[in-house]
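The sequence and structure come first.

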Amino acid sequence: MERALSRRGRLLVPSYAKVNLGLEVLGLREDGYHELRTIFQTISLRDDIVLTLRRGGVSVRCDKPGVPGDGTNLAARAALELARFARVPADVGIEIVKRIPVAGGLGGASSNAAAVLLGLDRLWRLGLGPAGLQPLARRIGADVPYFLMGGTALGLARGDEVYPLHLQVRAQVVVAAPDRPLSTAAVFRRVEACLTPRENSYRIYRFVSRDLEGEGGYSLLSNDLETAALEEAPDLAEKVRRIRRILVRGGARLALMSGSGSSVYGLFDDARRAERVRLALCEAGVSAFRGRTLTRDQYRKVWARALGL
Ligand code: C5P
């Protein structure tokens, strides 16, 4: 496999989306970021990243508009940072096949960056592994370290301190993506304006420490960024209300905005029910995706296969 990799100098790596199963904003930090408490959850919606070793620096190509092709793209930054760190020439072509909605609160750009780190670690034979890549990942973006781990994980500090949870959520997921990109930075700036520190809020800890099957587990969860997101995009309020209604009526056990929005997802116990809801959303003119959650083990296995480990 080693020889095959180096001969071809090409690798296709999966890059999964996440949703936040609850997100608490606890305060403004001295570094300008916000102190968070969240549960990250990988879902089966994915981009594909094709890495090709070739001379001429780092280039990014993507089939979707709205994805920068220059050094501001987190995938390009990941390649540049890793090359500098490992003292190797930054020569790679990055092709992104986009399925994850852009600026939709699903972590697409951060996931792409993590995929580039893991893929190039392999192609450049650096042997750093997810643990060795963590410090670099943190420099690239607050959500990037999570994507080196995957599954159900607790995110603290800027969201970049991630802890694997024993609890691994297994559910069907429907993601509704209003066609309305939202800037994470702009949404967080709104939070600043109306920040109420809630040091006494322990809903997420309560959630992870109780049996998920127990009644009402999911009802503990909410997303503190939702108000800020709807202040940033008041035009979205009605659509989000409509989406939530369809998700809840369709039997969602949890229906929340993901991250800084604008995507709204629902968790379901069975695939048929989830499919009915996806169809109802499409009929209402909202693009929707149906898939499932991925546990940490499933995430690791997909990665091991992709990297030929
Ligand atoms: O780290 P990332 O580039 O994903 O964050 C985008 C922006 O979101 C940051 O520049 C910051 O303004 C805001 N942010 C924040 N607190 C966090 C994470 C992100 O204020 N914990």
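## Basis of the description

Helices (H or I, at least four residues) and strands (E, at least two) are DSSP runs, numbered from the N terminus. The model is predicted, so local features need pLDDT of at least 70 and side-chain atom pairs count only at pLDDT 80 or more, while totals for chains, interfaces and linings use all residues. Residues are numbered from 1 along each chain as its sequence is written, and side-chain values use heavy atoms, with hydrogens and water left out.

## Backbone features

Arg87 lies in the loop between helix H2 (74–86) and strand S4. Its phi is positive, about 55°, although Arg87 is not a glycine. The peptide bond from Gly261 to Ser262 is cis, with omega near 10°. Ser262 belongs to the loop between strands S8 (254–257) and S9 (264–268). Most residues other than glycine have a negative phi, and most peptide bonds are trans.

## Ligand site

The ligand takes up the space of the largest pocket. A pocket is defined on a 1 Å grid over the protein atoms alone, as an open set of points where a 1.4 Å probe fits, with protein on both sides within 12 Å along at least five of seven lines. A molecule sits in a pocket if more than half of its atoms lie within 2 Å of its grid points. Strand S2 (34–53) and helix H6 (184–193) are the elements that give two or more residues to the shell around the ligand; H6 gives the most, with 3 residues.

The residues around the ligand (a heavy atom within 4 Å) are Tyr33, His34, Leu36, Gly141, Ala142, Arg158, Thr184, Ala185 and Phe188. An oxygen atom of the ligand is 2.7 Å from a side-chain N or O atom of His34, and for the side chain of Tyr33 the distance from a ligand oxygen is 3.4 Å. At Ala142 a backbone N or O atom lies 2.8 Å from an oxygen atom of the ligand.

## Salt bridges

A salt bridge is a side-chain nitrogen of Lys or Arg within 4 Å of a carboxyl oxygen of Asp or Glu; the count comes to 21. In one of them the side chains of Asp47 and Lys98 meet at 2.4 Å, N to O. Asp47 lies in strand S2 and Lys98 in the loop between strand S4 (92–97) and helix H3 (108–123), so the pair ties together parts 51 residues apart in sequence.

Definitions and conventions: Polar contact = N/O pair within 3.5 Å; in protein donor to acceptor, adjacent residues only side chain to side chain. 1 Å grid on protein atoms, 1.4 Å probe; cavity = no way out; pocket = protein on both sides within 12 Å on 5 of 7 lines; lining within 4 Å.
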